[in-house]
Amino acid sequence: MKLGHMKLIDKYVGWIFCVFCTSFAGLLRIFSHRKKEISEVKKILIMKFWGMGSIILASPLLKAVRTKFPNSKITFFTLSRNQEIVESLRLVDDIVTLDVDHSFIYFFFSLLRAILYLRKQSYDFCFDLEFFTRFSALVSYLSKARVRVGFHAWEAWRGNLHTLKVPFNRY
């Protein structure tokens, strides 16, 4: 898939999905019981799709998470073209990849397979390291992680799909 197409899909279709999922999540909060607190962090998901350099810059975060939660399984979710970079850091236990280098159909089934895998893992934490894409906010929500941490920026509304919002400041 071409980058321009992905940006357009994220901007318009992503906005619609963010509205839908935010509304759905709000209804679930109204009608569901409070979840119990996390006593032990067993599984952590970290997502970063765009920017090979950004993945390298995220390595201090990966080290800090590994130090804070030494017995937890850390999974990194990224594009297939970034797999070697993540492997070279040697800071995660598992890498899940998404293929965007082929057709839209191939991408769709790659995404579906990844989301089903992530949901099955029952992550305690999800760190969404993308700042502007609605796509990553949607994936973090669909992962069913109990705590979802992500950036909040008014330039790219991502809904209320993260349970903890970190203000994004480009400066």
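Biologist: Which residues of α6 are buried?
Modeller: In this predicted model, they are Arg 134, Ser 136, Ala 137, Leu 138, Val 139, Ser 140 and Tyr 141.

Biologist: And how many of the helix's residues is that?
Modeller: 7 of 9 are buried, so α6, residues 134-142, is mostly covered.

Biologist: What does the backbone do just after α6?
Modeller: Lys 144 takes a positive phi there, about 65 degrees.

Biologist: Which element gives the largest share?
Modeller: α1, with 10 residues of the lining.

Biologist: How does the lining divide into nonpolar, polar and charged?
Modeller: 24 residues are nonpolar, 3 are polar and 5 are charged.

Biologist: On to the strands. Why is β2 described as largely enclosed?
Modeller: Because 6 of its 7 residues are buried. The strand covers residues 73-79, and the rest of the structure encloses it.

Biologist: In what sense do β1 and β2 pair, and over how many bridges?
Modeller: Parallel, over 5 bridges. β1 is residues 43-47. Lys 43 stands opposite Lys 73 in β2.

Biologist: How many bridges join β2 to β3?
Modeller: 5 bridges, and the two strands run parallel. β3 is residues 94-98. Here Phe 76 stands opposite Ile 95 in β3.

Biologist: Which helix does the chain pass through from β2 to β3?
Modeller: Helix α4, residues 83-89. The β-α-β crossover is right-handed.

Biologist: Now α3. Which residues there are buried?
Modeller: Ser 59, Leu 62 and Val 65 are buried in α3, residues 59-68. Looking down the helix axis, the buried residues of α3 fall within an arc of 120 degrees, so they line one face.

Biologist: Which exposed residues does the face turned away from the buried side carry?
Modeller: Pro 60, Thr 67 and Lys 68.

Biologist: Back to the sheet for a second. Where do side chains point in a regular strand?
Modeller: In general, they alternate between the two faces of the sheet.

Key
Residues numbered from 1 in each chain as written. Predicted model: local features only at pLDDT ≥ 70, side-chain atom pairs only at ≥ 80, totals over all residues. Heavy atoms only, no water. Buried < 20%, exposed > 50% of the residue type's maximum accessible area, 1.4 Å probe, protein only. Helix = DSSP H or I, 4+ residues; strand = E, 2+ residues; numbered from the N terminus. Nonpolar A, V, L, I, M, F, W, Y, C, P; charged D, E, K, R; others polar. Pairing = 2+ DSSP bridges. Right-handed = clockwise from strand over helix to strand, strands pointing away. Arc of directions from axis to C-beta.
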